[in-house]
Amino acid sequence: MKFADIGLSDELLRAVTEAGYDEPTPIQAGAIPSVLMMRDIIGIAQTGTGKTASFVLPMIDILAHGRARALMPRSLILEPTRELAGQVAENFEKYGKYHKLSMALLIGGVQMGDQIKALERGVDVLIATPGRLMDLFERGKILLTGCDLLVIDEADRMLDMGFIPDIENICTKLPANRQTLLFSATMPPPIKKLADKFLSNPKTIEVARPASTNVNITEFLVKTSERGKRETLRGLLEEEDISTAIIFCNRKTTVRELAKSLQRYRYRAGEIHGDMDQSSRIAELDRFKKGDINILVASDVAARGLDVKGVSHVFNFDAPWHPDDYVHRIGRTGRAGAKGRAFTLVSPSDAEAVDNIQKLTGHKIDIFAGGERQEPTEEIGENQPPQAKKSRRGGAKPKSKDDAPRAESKSSASRRPERTTPDAPRQKPVRDDEPDDGWNGPMPGFLSVGFGS
Ligand code: AMP
């Protein structure tokens, strides 16, 4: 199927061609014609499938055919995190460059004043996280009665983050006869219930088995000990042919400490986690996208849905507590048809999490043995770090071995255990995206209103 066959306007076809897309992805081919016919949609699709364009593209055409100047917002896109909301806004700018539509990005962590000014000028599209939207609504700054088109994106993540009551509340503020599009990687019962309550005769489009992992990603478990994790990781960074990598940790403190440790070893590493204010997160992400750094150490919430081209590797410094997060983490690589490699460092305390991941994804993950594939027959959880091979290709390796600080050199590290964060009790990770983190800086440029020519 071609883009020209799915009913989009010439302006959008131009923008899509300029974005470099040859043909619609399955979720786009399935959803776009129905959205244009004003149907409600349930899209069961993960990030990486092109689902953002499957609602942004038809939304632009629908809005372009509506009234010229918006006094009240005409459409609303709900996203679970600020990063995802920012990315959807970027998509709107990219696809909407030949339209004169305006948007406001309503997210926590940036000044409310700029957002209120944008709302007062009148916007066509609101892209919002539920917390900030409700906050503005309760202050009487938004009227949602003109929103005829609602997108609830990443609904299962909204559920994880406790946003479902907010979403139900928001749905009651919109016109009853609106069009609603709901996207979710999985359809747990509470999401099914939400869809039954707020969607009318929806068409369901499912493009990937829930929680299935991408076939372009080669996955490995790497046995290590809690204390040996940093050394094991550095071994892998040397061994692997890395262009860019994201390293996920379960705790924010681990993110900070690991990024610093890698920097001491002269790796070009940065960090992103929920304790950082929005402008710092955006700046760090920009450095990563531009190639100023090629390793990003990240927490789950900050990294959710990150769409960075060409990430060759994902490392799980800790196995994620929620198996769903595993699928999302490794989905940062192997995007848009590229090949990717994902390594999960496993100490005895990660064993239970790995079990849950394997149950969810329905396959055993191979155990990494220094580049050799090993059948997943061994039990995970022994204390021996793998013997990292000497680097053949350079990869993310620092320029010279002498660059590394003496105190943490390989030989001394093998004699002396590294200082690591004491193992905190296993607990649900803190929700670190919402509410507002109290940062009061100005709204970053690309996050404000106005796009199109
Ligand atoms: P998403 O699932 O929305 O996060 O999109 C994943 C990636 O696929 C993004 O980098 C998009 O720019 C890209 N993409 C979206 N639609 C297409 C398409 N039809 N062909 C190729 N790449 C696409």
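Mentor: Let's start with strand β9, residues 245–248. In this predicted model, β9 runs parallel to strand β11 (residues 295–298), and four bridges join the two. β9 has another partner as well: strand β12, residues 313–316, pairs with β9 in the parallel sense, again over four bridges. Across in β11, Ile246 stands opposite Leu296, while in β12 the residue opposite Ile246 is Val314. Now look at where the side chains of β9 go. Ala245 and Ile247 point one way, Ile246 and Phe248 point the other way, and all of them are buried.

Next, the aromatic rings. By the rule used here, the model has six aromatic pairs. One of them is Phe55 with Phe183: the ring centres are 5.2 Å apart and the planes make an angle of 45 degrees, so this pair counts as tilted. Phe55 belongs to helix α3 (residues 51–64) and Phe183 to strand β6, so the pair ties together parts that are 128 residues apart in sequence. Both ends are tucked away: Phe55 is buried at 0% relative accessibility, and Phe183 is buried at 0% too.

Another pair is Phe343 with Phe368. Here the centres are 5.0 Å apart and the planes stand at 90 degrees, so the geometry is edge-to-face. Phe343 sits in strand β13 (residues 340–346) and Phe368 in strand β14 (residues 366–369), so this pair links parts 25 residues apart in sequence. Phe343 is buried with a relative accessible area of 0%, and Phe368 is buried with 6%. These two rings also belong to one aromatic cluster, made up of Phe220, Phe315, Phe343 and Phe368.

Rings meet charges as well. Arg234 lies over the face of Tyr265, 3.9 Å from the ring centre. The charged end of Lys229 sits over the ring of Phe317, at 5.6 Å from the centre of that ring.

Back to β6, which spans residues 179–184 and holds Leu182. Leu182 is buried, with a relative accessible area of 0%. Skipping residues up to four places away in sequence, the contacts of Leu182 include Ile41, Ile42, Gly43, Ile152 and Ala155, and also Met187, Ile191, Leu194, Ala195 and Leu199.

Leaving out neighbours within four places in sequence, Thr180 touches Asp40, Ile41, Leu150, Ile152, Phe198 and Leu199.

Finally, a word on confidence. The protein averages a pLDDT of 80, and 77% of the residues score at least 70. Over residues 371–394 the pLDDT is below 50, and this stretch has 46 contacts in the model beyond near neighbours in sequence. Residues 399–404 are also below 50, with four contacts of that kind.

Key: Residues numbered from 1 in each chain as written. Heavy atoms only, no water. pLDDT = per-residue confidence, 0-100. Contact = heavy atoms within 4.5 Å. Buried < 20%, exposed > 50% of the residue type's maximum accessible area, 1.4 Å probe, protein only. Phe/Tyr/Trp six-rings, centres within 6.5 Å; stacked < 30°, edge-to-face > 60°. Lys NZ or Arg CZ within 6 Å of the ring centre and 35° of its normal. Pairing = 2+ DSSP bridges.
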